[in-house]
Amino acid sequence: MRTKETSRSLHSEMSIIKPEKKESFIQYFKHNYALYLFLVPAVILTIIFNYVPMYGAVIAFKDFSPMRGILGSDWVGFKHFKDFLTSPNFLNIFMNTIKLSFFDLIIGFPIPIILALMLNQVRRAKIKKNIQLILYAPNFISVVIITGMIFILFSPTGPVNTLLSIFTDKPIPFMTSPDTFRTIYISSGIWQGAGWASIIYVAALANVDPQLHDAATIDGASLIQRILHIDLPTLKPVIAVLLILAIGGIMSIGFEKAYLLQTSMNLPTSEIIPTYVYKRGLQAGDYAYSTAVGLFNTVINVVLLVVANKVVKKLSDGESLY
């Protein structure tokens, strides 16, 4: 009898409690409208500077004339794309862009991770800050100054050739040789940006519980074993996301340094899509053709981003951008 009475009382109490109705978006917006007001300036700026200029990409499909404007220019379809794909310079420019970006990714991407792992082993805070200051400093030097330093260092009478003159009879033409352009470009980029790029990895390693390292040390784990089984699993999600972004932007290689390091002698390896677009668009005034080339470059970036996201998602237990 008692069990029946208790079950009836529980049933009556549960019948009194009604499930809460899900708050509609309009009601939620009324309660939190102040938060959405903070988004308004960012949304307006994004629309003005990111979405409105997309309309200008239409000139890639037109015989654009500044006198007639975008709407008044004749529609030519994919003519500019065909001209670029069938031009004699296409394969060389495309492969130069791919090679420079690919080697930069393969060589440059792991170095910030290695720097972060090394910095994580420095226990004295003062020494660690001084090392970080030295590593981060090159990031604040402008590209123009970096290229000026490179030209001075690797000139025929520069310090590098002065030292090499001990072993060689004549100076090495670093800045005019197509064979040395990629090495100089990639190595200088690593020197300038690796320290700054390691910040996010250092921040991720700060979340590692020191007791895990202490317990692993007591169990006899070596430094390499602790890095492989404690530090790297912590960095895995960050590495996955940054790798996807790096692969997705593999065609968006920096224009400034490549253009500033160009000489008439190293053009066979230094001419890439961004520099080609600049020369054809702004210098030659062929706006429609250069826009088509830039749009072609952007489409490849989007495809690489989607493919890289799916591949990394399968290889990293679901870690991806979306």
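## The loop around Pro 156

In this predicted model, Pro 156 sits in the loop that links helix 9 (143–153) to helix 10 (159–164). Is Pro 156 buried or exposed? Its relative accessibility is 56%, so Pro 156 counts as exposed.

## Helix 9 against helix 11

Helix 9 and helix 11 (178–197) pack with their axes 12 Å apart, at an angle of about 125 degrees. Because of that angle, helix 9 is oblique to helix 11. The crossing of the pair is right-handed.

From helix 9, the contact uses Ile 146, Met 149 and Ile 150; from helix 11 come Ile 184, Ser 188, Trp 191 and Gln 192. By type, the residues of this contact comprise five nonpolar, two polar and no charged.

Leaving aside neighbours within four places in sequence, Gln 192 is in contact with Pro 138, Asn 139, Ile 141 and Ile 146.

## Helix 7 and its neighbours

Helix 7 (residues 110–120) has these buried residues: Pro 112, Ile 113, Leu 115, Ala 116, Leu 117, Leu 119 and Asn 120. Which helices do the buried residues of helix 7 pack against? They meet helix 6 (90–108), helix 8 (125–136), helix 11, helix 12 (199–205) and helix 14.

Take helix 8 to begin with. Its axis and that of helix 7 come within 10 Å and cross at roughly 160 degrees, which means that helix 7 is roughly antiparallel to helix 8. Their crossing is right-handed. Leu 115, Leu 119 and Asn 120 of helix 7 make the contact with Lys 128, Ile 131, Gln 132 and Leu 135 of helix 8. These residues divide into four nonpolar, two polar and one charged.

## Helix 7 across helix 14

With helix 14 (residues 223–248), the axis of helix 7 comes within 12 Å and the crossing is at roughly 135 degrees. Helix 7 is therefore oblique to helix 14, and the crossing is right-handed. Here Ile 113, Leu 117 and Asn 120 of helix 7 meet Ile 227, Asp 231, Leu 232, Leu 235 and Ile 239 of helix 14. The residues of this contact are six nonpolar, one polar and one charged.

In soluble globular proteins, nonpolar side chains tend to be buried together. In this model, the largest nonpolar core has 33 residues, and those with the most contacts inside it are Phe 84, Phe 94, Ile 113, Tyr 201, Leu 235 and Phe 296. At least two residues of this core come from each of helix 5 (79–85), helix 6, helix 7, helix 12, helix 14, helix 17 (273–283) and helix 18 (287–315).

Apart from neighbours within four places in sequence, Leu 235 is in contact with Ile 113, Leu 117, Tyr 201, Ala 204 and Leu 205. There is also a second, separate core of 16 residues, and among them are Leu 100, Ile 150, Phe 174 and Ala 258.

Key: Residues numbered from 1 in each chain as written. Predicted model: local features only at pLDDT ≥ 70, side-chain atom pairs only at ≥ 80, totals over all residues. Heavy atoms only, no water. Axes fitted to C-alpha atoms, helices over the stretch in contact; angles between N-to-C directions. Helix = DSSP H or I, 4+ residues; strand = E, 2+ residues; numbered from the N terminus. Parallel < 35°, antiparallel > 145°, perpendicular 65-115°, else oblique. Left-handed = near helix turned anticlockwise from the far one by under 90°. Contact = heavy atoms within 4.5 Å. Nonpolar A, V, L, I, M, F, W, Y, C, P; charged D, E, K, R; others polar. Buried < 20%, exposed > 50% of the residue type's maximum accessible area, 1.4 Å probe, protein only. Core = buried A, V, L, I, M, F, W, Y, C linked by side-chain atoms within 4.5 Å.
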